[in-house]
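Here's a quick tour for anyone opening this one for the first time. Have the sequence and the 3D view side by side as you read.

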Amino acid sequence: MLLYFYDYIRDTRVCQSVLGRHFTHMGKAPKKRSMADKVRKTKTSTEIKNNPFEVKINRKKFDILGRKSKHDVGLPGVSRSKAINKRKETLLKEYKQKNKSSKFIDRRFGEYDTKMAPEDKILKRFAMERQRNHDKKDVYNLNEEEELTHYGQSLAEMEKFNDLVNSDDESEEKGLLSAELTASHFGGGGLLRKRGSGEQQQEGEGSHRAKSRQELIEELIQKSKLEKRERQVQKEEAQELTEKLDQEWKSIQALMVKKTPKGECVEEEKPKLEQYDMMVRELGFEMKAQPSEKLKTPEELAREEREKLQKLEADRLRRMMGDEVGESSQSQIHMSADDLNDGFILDTDDKKTLSYQDGKWNIGEESDEDKGEDEEEGQSGEEEESEAEEEDKDGDAEEDDGESEEEQEGSSEEEDGHSDLESEQESEDEEEKQEDEKASVKPSLSKEEIKAQQEAAKAELPYTFTAPENYSDLKDLLHGHTPDNQRLIVARTQKSNHASLAVGNKLKLQKLFVFLLEYIGELASRSPPELTTIDKLIPELYTLCQMFPEAACKAMQSILGDAGHSMEEGLEVKGHVAFPTLDMLIYLKVTALLFPTSDFRHPVTTPALLYISQALTKCPLRSLQDVTSGLVLCCLAVEYVSFSKRFLPELVNFLAGTLHLAVQDKTALGYTVVPPFRPSGKCSDLLVLSDSESCLSWSKKSLPLSATHRLELKNELGRDHHRLMCLSTCLDLVKRCCLLYKDLTSFACIFQPIRLLLSKHLSAHTLPKLLQELHSEILETISSAPVTRSRLVLERKKPIPLKLLTPKIVEVLDYGKKRGSTKDEREKERLQHKYKKEFKGALREIRKDTRFLAREKLNEVMNRDSERKRKVRELFGSLATQEGEWKALKRRKRK
Amino acid sequence: MAPAKKRNVSSAKTIEQSIKTAKIDLNTKVERILESRKNANDVFDILEFLQSAKEKDVINAVNACSKLFCTLLEKKELFLGKLPGEEEALSGGYSAEEKYRVFMRHRYNSCVEMLLEHLSHELHGVKESALCCLMKFAAGEGQHPLEDLDWSEHYSFPRELIQAVVKRLLSQTTDNSLMISRFQEFLEMEDVRYYVMSSIRENVGKVMEKNKEALVPIYQNNVFTLMSNISVPSQESELTNFMVQQEAKHDDWKVAKLNEHKRVFERMWLGFLKYKLPSNMYKKILVILHDSILPHMSKPTLMIDFLTAAYEVGGAISLLALNGLFVLIHQHNLDYPDFYKKLYNLLEPSVFHVKYRARFFHLANLFLSSSHLPVYLVAAFAKRLARLALTAPPTALLIVLPFIYNLIRRHPSCRVLIHKPSTEDEHLEDPYLMDEEDPAQCRALESSLWEIKTLQKHYHPDVAKTAMSINTPLSEKEDDISEVLEITTYELMERDLKQSQTKSVPLEFETATQLLKGGANVLGQHFCLD
């Protein structure tokens with residue numbers, strides 16, 4: 001009994017209403033037939049499963065590890081009764097309703113809408129009802145309040161008949177209460193009790209289901225929102241706090257850096273004790289997290305620099321090979337996000353240039369001591385500059401005696417020099433760099449001279465310049481100054497317009513670069529060309545170029561493009577053009593200084609090389625100046641390819657042609673010369689000596705660059721000397737080319753004409769001694785070149801594998817799944833399978849339905865028959881009794 | 001007697017009036033002459049103006065003359081047939097009418113004479129108007145011939161006049177190219193062209209004989225300019241534009257037949273080319289030969305001698321002769337022995353530097369596209385081109401390398417040039433003989449294209465990349481060299497200059513300190529700043 005009772009509790013929702021009745025039945029023995037059904041109905045699934053009579057075990061043929069089968073145990077009884085019940089509810093009803101015209105239609109809103117949530121349903125229904133009421137009654141009802149209801153019942157009424165209703169109503173609450181009560185009354189042990197109470201709680205919620213769930217959800221949402229807001233507020237507060245901390249830290253951090261090494265910060269801060277305390281406290285936290293960068297030893301610095309240079313070199317090699325440039329060396333510019341807050345790190349751009357600068361003294365051949373000296377000098381120079389800038393106007397007088405002091409100061413401040421470097425005073429940084437350059441630029445000048453010059457410069461030059469807006473501004477600015485001063489002016493212009501100082505400065509400096517280039521061109525085309533000034537301006541150009549690679553590239557490209565275009569036009573119109581003028585030669589050299597010449601493809605140097613090659617092939621030689629220009633171009637070409645060792649056919653052609661110019665007897669040549677040279681004719685004896693005696697008085701010295709466009713040679717001797725100079729340059733270049741191209745497979749073919757020329761036509765004994773050596777060296781190099789050529793073979797490709805006939809064995813990891821077809825096929829198969837299954841299922845269901853219906857019909861018929869039989873029997877019975885009575889009467893009568 | 005008197009009367013008017021009045025004057029005079037024969041003597045005034053020193057005057061006079069005599073020609077008021085001398089006419093038994101005609105005819109003749117003189121005037125305006133006027137006369141004479149048309153065979157055309165004009169045009173002392181280009185508009189007319197062509201031929205023959213076959217550059221230049229302006233239509237039906245329409249038997253006229261045109265054209269050119277030519281003239285002729293001379297000749301094969309001679313000359317002239325030869329070989333079944341051998345020997349380093357590089361490679365590509373060429377020949381070409389490529393500028397290399405690849409693709413047995421696996425690791429000299437003239441003997445097939453391997457180290461990235469492609473098997477598809485044929489160095493430069501600057505520009509990391517330093521310090525070693 002207890003057991004049953006417990007079951008009832010578990011199935012409360014279904015059984016509650018029944019409970020009382022069953023309970024009452026308990027006393028009597030229920031009918032036997034209905035008993036079994038009831039037992040089944042009330043039994044839990046576990047119980048049924050445990051009953052061996054209920055369970056049907058599907059026998060498996062094989063035990064397969066890891067496979068889970070849902071259908072190893074079936075409960076035929078349960079499922080059958082379920083199915084029957086379902087049919088009774090649906091099919092039977094339909095059957096009964098058949099051929100009936102009147103139907104019961106449930107018009108409640110959304111009754112058959114399964115998609116709608118019950119809450120929604122209720123809400124909607126309520127709303128509709130309200131509307132209806134309103135429409136009907138309340139149109140003219142002005143003051144009447146709406147009727148409040150609970151579960152469709154007027155609250156007023158409920159209040160009126162409060163007790164009555166409650167007592168009579170067998171509400172669910174009531175039922176629950178009684179259940180609880182009964183449970184407590186009947187006891188049932190701790191375990192059960194507990195569960196019961198759990199049930200009860202559930203019940204309690206369930207009873208208010210419609211409302212309470214909604215509320216619950218709303219509550220939940222609200223709660224989470226609240227929490228979120230709280231968290232946000234907390235976060236913001238934390239952020240504000242940290243920001244504040246950061247700011248405060250920043251304000252004192254500069255002091256920290258400067259003063260910590262000396263340990264004077266405490267004294268410094270005395271007057272503001274509160275602030276000081278605060279800062280100290282804050283620092284207590286901060287210092288642990290951020291140890292300041294320690295001073296690097298020279299060795300460390302050197303190593304770092306070397307590493308950096310190695311990386312750059314590797315980069316250069318990669319570009320030379322023509323690999324796609326994924327991340328160039330400039331990827332260093334990238335700053336991680338947290339660097340922003342870090343005051344220690346400079347603008348990366350500056351840092352980079354600085355490091356290059358350092359590289360100069362760190363990696364060079366100079367010993368450490370030299371370096372130290374250099375550094376010192378740099379420091380002192382810097383000091384000088386900075387002080388000068390501080391004092392600006394009035395400090396000029398003190399400069400004279402301040403020199404020794406400065407030197408001392410320089411040495412004393414050397415310690416913190418590096419921390420200075422790291423600090424954010426870029427201008428100082430910049431200055432130091434330039435001073436360093438200066439130091440390295442003029443190693444030949446003694447220190448005193450430098451000093452003197454600088455003094456002189458400072459005596460007259462202002463310290464800030466506005467950046468020139470156009471080219472003539474720059475010219476005005478630089479006009480009339482010595483080369484050194486011009487350099488200083490440009491340096492200061494650059495400094496006072498540093499990109500970090502104002503917004504427009506970047507553009508100004510970019511313009512400055514363009515103007516400087518133009519200025520250089522003009523200097524070179526003046527007569528006489530002011531090449532020393534150009535020389536001085538080179539470092540400035542370099543720094544500007546490092547700052548704005550894109551702008552520099554564009555400027556250089558436009559110069560090269562214009563030159564190339566004009567040359568092309570000249571060629572089209574006249575068929576030949578003159579050699580490039582000196583300014584173009586200078587531009588080409590500057591290009592080589594600013595951009596790497598070894599790259600496989602470079603937006604500036606590749607066109608520059610093309611220009612050189614064009615000039616070497618298309619410009620006819622008409623004078624000694626032309627020969628000189630050509631040789632300058634050759635020098636440039638050799639420089640361009642010296643690192644990458646790329647093959648430049650025009651260079652070899654030109655050198656061979658130049659040597660050909662020096663051949664006296666131009667008959668019976670065994671070689672061919674390539675245009676612009678001609679085997680013989682006008683201007684093909686340009687380098688033939690007029691007097692062989694002039695060899696004796698000749699000595700080697702450098703040719704001036706200006707000889708490319710203006711050559712003042714009075715007598716034949718001077719001219720002969722110039723010829724010999726050209727010849728020596730040419731021979732030297734040939735030697736360099738030999739060394740460069742030694743490894744090329746066709747080396748012998750390339751140098752065949754030169755070899756023939758030198759050995760047969762330009763014999764050594766006609767040359768001065770110096771050239772004789774070169775001559776023999778070249779011949780030796782050419783003949784000693786290794787013949788390392790093997791047959792050309794295509795690169796091996798991976799052979800295409802033959803088709804294999806052995807079966808392909810694939811490890812199968814998922815059995816039971818169809819394999820070996822495409823996705824679509826598999827999907828189709830799956831769907832077909834599913835369809836088949838469903839079809840069969842549907843067929844089965846239909847069969848079952850018909851069976852059920854047939855059974856019902858049979859039942860009906862049987863019922864009807866039995867009824868009729870009963871009635872017939874009744875009739876017969878009554879007739880029999882009638883007959884009997886009648887007979888008895890008759891008998892009685894007879895009797 | 002009468003003319004003199006009249007002249008005195010009419011010349012009373014002043015000559016030195018303004019040009020405008022002179023023009024009006026001339027016009028009125030022309031009108032007066034045409035009005036009545038009494039005023040015939042005014043013609044002297046007009047002729048006088050013709051010899052004036054002022055350009056305007058002369059031009060006005062020329063215009064007046066053209067108006068006057070054209071009208072007279074139309075009115076048939078000029079003497080026809082054999083012209084008697086002026087004195088003879090006066091004394092002879094001519095009627096007044098005839099006398100007038102003879103007089104006018106004489107004036108007309110002297111006018112033509114003067115105009116011909118003006119063709120070599122120093123002022124272009126005068127020349128031009130004289131030329132136009134003469135051609136108007138020619139047209140007039142054609143319509144109203146001055147000769148007696150006795151027999152029906154005769155077709156009227158002012159042959160002498162045209163001949164005289166051509167003779168003046170082909171001056172031996174002045175460059176008449178401007179005049180000739182003006183003259184071109186008359187060459188549109190079929191009959192004029194025809195007779196001009198024949199007169200050129202006669203003229204050239206005469207002049208060159210006189211000069212004993214020496215070079216007459218200016219004359220030859222004039223002749224060339226005039227001849228190169230002549231083009232014969234390709235269809236007979238196009239022969240419609242005649243200056244003179246023959247009344248009878250127009251269709252039988254020689255001028256109306258295309259074949260005759262072609263024959264005259266051909267004879268004219270052959271007559272001109274027979275003599276020695278200056279070398280630049282040679283080039284000019286060869287440049288236009290294949291598309292403006294050969295198609296218009298009735299027998300193009302007659303050019304063979306000229307072309308083979310040109311092909312033997314060597315250098316640029318040979319290159320240019322190739323084009324004409326190609327047309328002959330291709331369309332006229334010319335069999336040229338040792339053609340490929342000669343072509344092979346044309347390959348010199350200068351081939352890559354001459355102006356006609358594109359044309360040469362276009363043709364060489366055509367010649368070598370034949371699939372019936374022997375392998376040794378193709379290999380020899382490939383190897384020689386590769387060898388020459390060692391001295392070529394990048395623009396040429398961009399043509400040559402695909403060219404060689406195409407050769408190898410077309411003749412797969414040439415693949416040994418780039419792929420010859422050998423068992424032993426030999427270090428061998430190149431067996432190829434550069435100096436051998438016979439492609440069969442040059443042992444190119446035994447060699448490999450090491451030159452292309454060398455060019456893989458070329459400084460220009462495009463060339464290096466192209467050269468790289470011999471490392472892997474060549475693709476099946478031929479490279480199209482037609483688009484690189486005309487490439488210039490500046491275009492190559494632009495490839496780099498115009499590239500969008502998306503990527504950052506790599507910079508030199510070695511600090512530049514001095515102008516002459518840096519690199520391998522080559523410049524600094526040989527040159528100083530001042």
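## A first look around

In H21(B), the buried residues are Pro461(B), Asp462(B), Val463(B), Ala464(B), Thr466(B) and Ala467(B). Keep in mind that this is a predicted model.

**The tucked-away helix in chain B**

- Helix H21 of chain B covers residues 461-468, and six of its eight residues are buried, so the rest of the structure largely encloses it.
- Part of the cover over the buried residues of H21(B) comes from chain A, through helix H27 (605-618).

- Chain A has 33 helices and five strands.
- Of the 895 residues in chain A, 35% are buried.
- Take the contacts in chain A between residues at least 6 apart in sequence: 72% of them join residues at least 24 apart.

**Charged patches on the surface**

- Nine names make up a positive surface patch: Arg80(A), Lys88(A), Lys836(A), Lys840(A), Arg844(A), Arg847(A), Lys848(A), Arg851(A) and Arg855(A).
- Two elements of chain A, helix H5 (76-97) and helix H33 (823-894), each give two or more residues to this positive patch.
- H33(A) gives the most, with seven residues, and Arg851(A) lies in that helix.
- There's a negative surface patch as well, formed by Glu236(A), Glu237(A), Glu240(A), Glu243(A) and Asp246(A).
- Glu240(A) sits in helix H11 of chain A, which spans residues 209-259.
- Glu240(A) counts as exposed because its relative accessibility is 56%, and the cut-off for exposed is over 50%.

**A spot in the interior of chain A**

- Val627(A) belongs to helix H28 of chain A, residues 624-642.
- With 0% relative accessibility, Val627(A) counts as buried, since that label applies under 20%.
- Leaving aside residues up to four places away in sequence, Val627(A) touches Leu621(A), Thr658(A), Leu661(A), Leu686(A), Leu687(A) and Cys726(A).
- Val627(A) and Leu727(A) are 100 residues apart in sequence, yet their C-alpha atoms are 9.8 Å apart in space.

How values were computed
Residues are numbered from 1 along each chain as its sequence is written. Chains are lettered from A and ligands numbered from 1 in the order in which they are written. This is a predicted model: local features need pLDDT of at least 70, side-chain atom pairs count only at pLDDT 80 or more; totals for chains, interfaces and linings use all residues. Side-chain values use heavy atoms; hydrogens and water are left out. Patches are made of residues with over 30% relative accessible area and no salt bridge: like charges are joined within 9 Å, nonpolar side chains (Val, Leu, Ile, Met, Phe, Trp, Tyr) within 5 Å. Accessible areas come from the Shrake-Rupley method with a 1.4 Å probe; for residues, only the protein chains shown count as cover. A salt bridge is a side-chain nitrogen of Lys or Arg within 4 Å of a carboxyl oxygen of Asp or Glu. Lys and Arg count as positive and Asp and Glu as negative; His and the chain ends are not counted. The place of a charge is taken as NZ of Lys, CZ of Arg, CG of Asp or CD of Glu. Helices (H or I, at least four residues) and strands (E, at least two) are DSSP runs, numbered from the N terminus. Buried means under 20% relative accessible area, exposed over 50%, partly exposed in between (1.4 Å probe, protein chains only). Contact means heavy atoms within 4.5 Å.
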